[in-house]
Amino acid sequence: MKIVLAPDSFKESMTAKEVCIAMEKGIRNVRSDVEIVHSPMGDGGEGTLEALVDATDGSMHTLEVTSPLGDKVIGRFGILGDNKTAVIEIAEASGLHLVNKEKRNPLIATSYGTGELIKEALDKGVSKIIIGLGGSATNDGGVGMLQALGVSFKDCNNNEIPFGGGNINKIEDIDISNFDKRIFKVKIEVACDVNNPLTGKNGASEVFARQKGADSNMVKVLDENLVHLAKKVKDILDKDINNVPGAGAAGGIGAALVGFCNGEIKSGIDTVIKYSKLEDKIKDADYVFTGEGSIDFQTKYGKTPIGVAKIAKKYEVPVIAFAGKVGKGIEELYEMGITSVIGILPGIVTIEEALKSGKLNLERSIQNVSRLLFKMQSD
């Protein structure tokens, strides 16, 4: 029997790689003679970097960068096995996990560190950069990232505007004369799992800013500021960054990458599937185990379990998806290639307990499902 393990991370509990290890333990607790293939996945958010580096036998690199609140942190980026392609997760430098809950404030959080990672990748001489959007603490429209790459955003007094989404309404002029021109010599592939525009009811601020620490009044201010940014970019550079699908991803970094860096937005899960050669792994498998922290009706919109299931469906391979939380609307997923959805929690627990015991809960759930599958096979 061959089982392919192709999960995403369980946010704040396990990386995709750790999920694979827990899954294998559960299977091995029942049988030791099963062929098990690890293929940790990602959909553009956390885990994408490790998934692509591991899948291609690439290398990981570190750099001291600017965190969302302006202090220094160590950020990582990868070079794939071809030595020509870099992978950057914006969460490495601009991620929500880098800011304590009580200090989260998108009015002052900056994406500057992501720009520093891009510069370092350019210094490595790559010809392509894959940038995964997800998990950001910022809502600055990618202005901080662009500042790190040499773009100048000036206020009415010809001074550089301060960091943060609360200051981009001060932009009066945009100077690209010192923009790092190397950016136009590489292909920028933006791995993203959402198609939100930059502004409005479905935009970056309204949909995502609250989880970054914004209250309702802050959301209104942030959205108005992004409207101002989009207008200035249109007036000065004659580029529309507002209505591009995915522009609102990562607090508007999607808009900056497309509008300033000629980036091309692509499905995050499709990107990982391509580079990990998942289809080759699945086509002769007996079962596929996938999963992520939460599975519900939103999973169908480009999340990892559905991306994996679509591949497995081509080869009629059953897919079992595991999740810490199982929400509403999962019935729709069964028509898209997922055979069964399994919640891993043993009972009513706090979110802290669920995150802490994620590996143990997953291992136990995998073990129970494996007993059933192996029993059916033997019968």
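**View 1. The whole protein chain and its surface.** The accessible surface of the protein chain comes to about 16200 Å², and 49% of that area belongs to carbon and sulfur atoms, where accessible areas come from the Shrake-Rupley method with a 1.4 Å probe and, for residues, only the protein chains shown count as cover. This is a predicted model, in which local features need pLDDT of at least 70 and side-chain atom pairs count only at pLDDT 80 or more, while totals for chains, interfaces and linings use all residues. Residues are numbered from 1 along each chain as its sequence is written, and side-chain values use heavy atoms, with hydrogens and water left out. The protein chain has 14 helices and 13 strands; these are DSSP runs numbered from the N terminus, helices being H or I with at least four residues and strands being E with at least two. Of its 379 residues, 54% count as buried, a word that here means under 20% relative accessible area (1.4 Å probe, protein chains only).

View 2. Asp-296 lies in the loop between β11 (287–295) and α11 (304–314). Although Asp-296 is buried, it has no salt bridge, and the nearest side chain of opposite charge, that of Lys-325, is 5.8 Å away; a salt bridge would need a side-chain nitrogen of Lys or Arg within 4 Å of a carboxyl oxygen of Asp or Glu. Lys and Arg count as positive and Asp and Glu as negative, whereas His and the chain ends are not counted. The side chain of Asp-296 does reach the backbone nitrogen of Gln-298, at 2.9 Å. Not counting residues up to four places away in sequence, Asp-296 touches Gly-327, Lys-328, Ile-330 and Leu-333, a contact being heavy atoms within 4.5 Å.

**View 3. Leu-333 in helix α12.** Leu-333 has its place in helix α12 (residues 331–334), and it counts as buried because its relative accessibility is 0%. Beyond its neighbours within four places in sequence, Leu-333 is in contact with Ile-295, Asp-296, Thr-299, Lys-300, Ile-306 and Ile-338. The C-alpha atoms of Leu-333 and Lys-300 are separated by 6.6 Å, although these residues are 33 apart along the chain.

**View 4. Lys-212 in a loop between two helices.** Lys-212 is found in the loop between α6 (204–208) and α7 (216–237). Lys-212 is buried and has no salt bridge, the nearest side chain of opposite charge being that of Asp-140, 8.1 Å away. A polar atom of the Lys-212 side chain lies 2.7 Å from the backbone oxygen of Thr-138.

Note on methods
Buried < 20%, exposed > 50% of the residue type's maximum accessible area, 1.4 Å probe, protein only. Polar contact = N/O pair within 3.5 Å; in protein donor to acceptor, adjacent residues only side chain to side chain.
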